Amino acid sequence: AIAGGVNAIITPDITLSFSQAGMLSEDGRCKTFDQSANGYVRGEGVGIVILKSLREAEADGDHIYAIIRASSENHGGKANTLTSPNPIAQKELLVKAYQDAHIDPREVSYIEAHGTGTPLGDPIEIEGLKLAFSELYKAQGLAKAEVAHCGIGSVKTNIGHLEAAAGMAGIFKIIYAMKHKTLPGNPNLKQVNAYLKLDNTPFYLLKDTIAWESVADKPRVAGISSFGFGGANAHVVLEEGPKYVLTNQQIKPY
């Protein structure tokens, strides 16, 4: 199966409408999670991924960039405004994804947030994350996280919001981060939004680029969120692809 997305901004109609609604950044800078966040920045792009079962990909000798451990989708229902997402729906989305993936929440070391850079949407998304992981910890009988272990970032600070292709851009970012074992920092993150309140949670914001360390020498695990304007929510759990060695002319994982 092949999946992708594309969005064009060569016509001004949508840009004008979003600008009049106060959704776009006036200075053209996406400042996700920053105190000065003032709206999102439109971008355009296209992406393609080829999906295969792991068994087929290994049998065909394909290079496996990442493994999809689970995915989920839901809808936030009726909201006050177009830019007022539902944190409870986002929480339920995440809980289902990680329960279906059968992953210890302590092993999730990165979340590629939807992170549009809006003063309302960013805190709501973080609230959904906190609620979800609190529930996941409790469900597995785990003590509350004492040290933050999961970085949060958004590729929109680098390339803007690709809208129809935004989720695809986030997947590419995670794949390359896994390849280079590096977590990219968030440009324009200078002063953290006071409403985020990440103390005593599993999460920290990636201001600077850092090495991506594995947890207990296990494959790196990351999640990606992509939320639609009308309340549609999606989350995918990705695991680092297997490493391979060439043995007796056959490619075998180790």
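Me: What should I know about the model?
Reply: It is predicted: local features need pLDDT of at least 70, side-chain atom pairs count only at pLDDT 80 or more, and totals for chains, interfaces and linings use all residues. Residues are numbered from 1 along each chain as its sequence is written, and side-chain values use heavy atoms, with hydrogens and water left out.

Me: Which residues of H3 are buried?
Reply: Among them are Leu93, Leu94, Val95 and Tyr98. Buried means under 20% relative accessible area, exposed over 50%, partly exposed in between (1.4 Å probe, protein chains only).

Me: What covers them?
Reply: The cover includes strand S3 (66–75), S4, H4, strand S9 (221–227) and strand S10 (232–240).

Me: Which residues have the most contacts inside the largest nonpolar core?
Reply: Tyr98, Phe133 and Ile152 do, in a core of 28 residues. Such a core is a set of buried Ala, Val, Leu, Ile, Met, Phe, Trp, Tyr and Cys residues joined through side-chain atoms within 4.5 Å. H4 gives the most to this core, with six residues.

Me: What does Phe133 touch?
Reply: Not counting residues up to four places away in sequence, Phe133 touches Tyr98, Pro105, Val108, Pro202 and Phe203; contact means heavy atoms within 4.5 Å.

Me: And just after H3, what phi does His102 take?
Reply: His102 has a positive phi of about 55 degrees.

Conventions. Helix = DSSP H or I, 4+ residues; strand = E, 2+ residues; numbered from the N terminus.
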